[in-house]
Amino acid sequence: MKWDAPATVELAREHGLSQKEYERILSDLGRVPNLTELGIFAALWSEHCSYKSSRIHLKKFPMRGPRVVQGPGENAGVVDLGQGWVTVFKMESHNHPSFIEPYQGAATGVGGILRDVFTMGARPVMLLDSLRFGALDASRMTHLVDGVVRGIGDYGNCVGVPTVGGEVDFHPSYNGNILVNAMCVGVARADGIFYGRASGPGNRVVYLGSKTGRDGIHGATMASDVFDESASAKRPTVQVGDPFTEKLLIECCLELMGDGLVVGIQDMGAAGLTSSAFEMAARAGCGLTLDLSKVPARERGMTPYELMLSESQERMVLVVTPDNVAPVLDVCGRWGLDAIEIGTVIPESEVVASFDGRQAFRLPLAPLVDEAPRYERPWVPPVPAAAVTLPKLHDRDWEADLRELLASPVFASSRPIWQQYDQSVGASTVVGPGADAALQLVEGTNIGLAATTDCNALACSLDPFNGAAQAVAEAVRNLACVGAEPIGVTDCLNFGSPENPGIMGQFVAAVDGLAEACRAFEVPVVSGNVSFYNETSGTAIQPTPTVGMVGVVPEVRCRPRSHWQVGDAIYLLGPLEGELGGSRYLQIVLGLEAGPVPGVDYEAERRSAAVARELVRLGLAAAKDLSDGGLAVAAVEMSAGTVGCKLTLPSGVSPVRALFGEWRGGFLLTAPVPLEPALERACHGLPLTRLGIAGGTKLVVAHGRKTVLEVPVAELAALGEKGLGWLYEA
Amino acid sequence: MLVEVRVKLKEQVLDPQGEAIRRVLSGLGYGEIEQVRVGKLMLLEVAGTDAPEVRSRVEEACKEVLANPVIEEYEVRLP
């Protein structure tokens, strides 16, 4: 099939376009497109690029705020940090490529999210990864875990950006469709932000970076496709990352922007040159001419179709004034990167491309970008999971229950994962992986930049609205544990097929839940990504709306602790009992995925997070939020496998709800005895209970006068270390 | 018997290592070397005399561990 052959309805279908969409193309153009034009329509109208099923719902997010410099719509969001600094961040999925080829899929996911951040003029300083895998005994699963972890580690380590946090979870619903969500956080001077805009007719278009190969053609349409048995046939589309070229690109682009040599800049991500050319032109209200013969090709005989749709990695598009072309090419040459002028900005709203001296395509911008299809897909509101009748839950062997919980992969220590990552390159990491949130210093200042990723997909599957809202609340608490105040959210919304009204209903409810919670916490959503079609042979994943939240500590004075020390007094800030609906205790110990998942008590959460944040900032207390596994798991984490404790629960409370109940917000706070009065004063008016003292080598819990738990903390820690320990040998 | 397994990246797949070598060569004056692709040569000492049987076992090993069929192709050569 030649690249300029006329399109047909069958070809359109093979490109993932519906009959109706193809008819719209014919009427928008007033003619039959050629194959290359059809490929461009298919890429830009794919779910991945156009957000056609999600856009009308995403409008519900709060996107403005006093700190917001740039909200959604650019390559990444920008939020003010104070003192002339801004932070730039985004999270994106690379689920489908990582399932096909885990190492390269995860690596190029990291590469892509880095480019989204440095293309805005920011230096990437933190990477976080939210991972979801299937049951470890499922087919290929250990291979997938190992490949993804090595791919993330190798790319981040080579490129010199520390991987400082994230989360990992396991559930059989991901057996055929794992999730790899990568988040990048960067920093820039407030006056050093650049946008992906091809403005100023007469300005030149410069191609920078690796050559264009035949890899990754149709990645964007693949990401918008359901997996089936024939997915293996699509395999040659896997891209290979080159982190050393990416490092050169980072330094080269930051130098070009720092010297004011570029007008606009964007990376070539999903849908390659197609999306960068059309999006940059549309944002600026201009058009482009491109000479595709000049695009550096890795293989002989590449056609306009392939050049426009290749997803070769480590490539950028720059828009430069004519006078600056030579200096730009000079800088690129010094960094050892290929750069070449391939086009010009024109006033008309269209992209006109030539190849071998003749026209390859001529397409108006409006139908491809701003007027791309939007669907209000039919959806059915999800019915939140109701409560079930639980067996009697008193006088159980709590030690056995706790051991069972900790031995589950869900609670396995993620150390074997993050020990493979460079966590401190750049020498700015204050708190790295394994803590509630990561904390870094903005270079040359005392400003603390914190980040976390959170999503309890179990809760979201039981109640998408409350589950999504709880993810936001958990992120706020995690930031408070390092003393940070939340300032912005990026999200990565992973769901099944939007063409299924039940799944679409989950999506709508989760978006509503996120929107309500972000409003209540006054944290705007400034960037994000939607990944639909996460299903295999009709089985969808648990709805997984991952929340990436960034926070700020105006002045870091001490390093937040996440463990208690011998002699520390231990307090619970928050209710003594939690709820069992949607808890890990029900899921893992009782084998029940049952509701109800309560809504968030925003007022209580805001107040307790504010106090915890302040105590941590002042160095008065160490804080750990209560989330998965409740108080018992938080206590095990704070013991770090070395220092035990003796806690007493009032005799009136239910031991199971006190130990394992979730959804109560709240924190475990610990402080040396002399600081107790200060801690109690700070928490005045909030529910605060002094539970006991840290010391010894055992976790001892008394219920009234009766000891209900007495177990060496080293044994508990060892249970968690086993879960993913095999990764060391893999 | 001594079996030779050659593994190389598929034609369409980027080879950052080969590209790095090409750059070095070009910097040292070997500008005429326009492309470098790096592969692996593995020599396996296999017990057995039945050539089709040996080939089929080695190909199985290639698919499972010696090559990554998603991005690489392999060739098995028997004496």
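What pattern does chain B follow, read along the sequence? The pattern is β-α-β-α-β. The legends below describe close-up views of a predicted model.

**Figure 1. Chain B of the predicted model, helices and strands.** The secondary structure of chain B comes to two helices and three strands. Along the sequence these follow the pattern β-α-β-α-β. The radius of gyration of chain B is 16 Å, well over the 12 Å that the globule rule gives for 79 residues, so chain B is more spread out than a compact globule. Along its principal axes, the C-alpha trace spans about 50 × 25 × 15 Å. Of the 79 residues in chain B, 15% are buried. Now take the contacts in chain B with a separation of 6 or more: 65% of them are between residues 24 or more positions apart.

**Figure 2. Where chain A touches chain B.** Twelve residues of chain A are in contact with seven residues of chain B. On the chain A side, the residues divide into four nonpolar, three polar and five charged.

**Figure 3. Helices H14 and H24 of chain A.** Helix H14 covers residues 398-407, and helix H24 covers residues 713-723. Their axes come within 8 Å and cross at roughly 30 degrees. Angles under 35 degrees count as roughly parallel, so H14(A) is roughly parallel to H24(A). From H14(A), the contact is made by Arg403(A), Leu406(A) and Ala407(A). From H24(A), it is made by Leu716(A), Leu719(A) and Gly720(A). The residues of this contact divide into four nonpolar, one polar and one charged.

**Figure 4. Helix H17 of chain A and its residue Glu474(A).** Helix H17 runs over residues 464-481 and has 18 residues. From its first C-alpha to its last, H17(A) reaches 26 Å, close to the 26 Å expected at 1.5 Å a residue. Glu474(A) counts as buried because it has 28 C-beta neighbours inside 10 Å, and 20 or more is the cut-off. Not counting residues up to four places away in sequence, Glu474(A) touches Asp454(A), Asp625(A) and Ser627(A). Just after H17(A), Gly483(A) takes a positive phi of about 85 degrees.

**Figure 5. Helix H8 of chain A.** Helix H8 covers residues 141-159. At 1.5 Å a residue, its 19 residues should span 27 Å. The end C-alpha atoms are 27 Å apart, which agrees. The buried residues of H8(A) include Leu144(A), Val145(A), Val148(A), Val149(A) and Ile152(A). Several glycines are also among them: Gly147(A), Gly151(A), Gly153(A) and Gly156(A). Just after H8(A), Gly160(A) takes a positive phi of about 80 degrees.

**Figure 6. Gly121(A) and its contacts.** Gly121(A) is found in the loop between helix H7 (102-118) and strand E4 (123-133) of chain A. Gly121(A) is buried, with 24 other C-beta atoms within 10 Å. Which residues is Gly121(A) in contact with, leaving aside its neighbours within four places in sequence? They are Ala188(A), Gly192(A), Ile193(A), Phe194(A) and Met257(A). Gly121(A) and Ile193(A) are 72 residues apart in sequence. In space, they are 5.0 Å apart, C-alpha to C-alpha.

Figure 7. Most residues other than glycine have a negative phi, and most peptide bonds are trans. Glu314(A) is not a glycine, yet it has a positive phi of about 60 degrees. Buried or exposed? Glu314(A) is buried, with 28 other C-beta atoms within 10 Å. Asp356(A) is exposed, with 10 other C-beta atoms within 10 Å. A cis peptide bond joins Gly595(A) and Pro596(A), with omega about -5 degrees.

Key: Residues numbered from 1 in each chain as written. Chains lettered and ligands numbered in written order. Predicted model: local features only at pLDDT ≥ 70, side-chain atom pairs only at ≥ 80, totals over all residues. Axes fitted to C-alpha atoms, helices over the stretch in contact; angles between N-to-C directions. Helix = DSSP H or I, 4+ residues; strand = E, 2+ residues; numbered from the N terminus. Parallel < 35°, antiparallel > 145°, perpendicular 65-115°, else oblique. Contact = placed C-beta atoms within 7 Å. Nonpolar A, V, L, I, M, F, W, Y, C, P; charged D, E, K, R; others polar. Expected span 1.5 Å × (residues − 1). Rg over C-alpha atoms; globule rule 2.2 N^0.38 Å. Buried ≥ 20, exposed ≤ 12 C-beta atoms within 10 Å, placed from the backbone.
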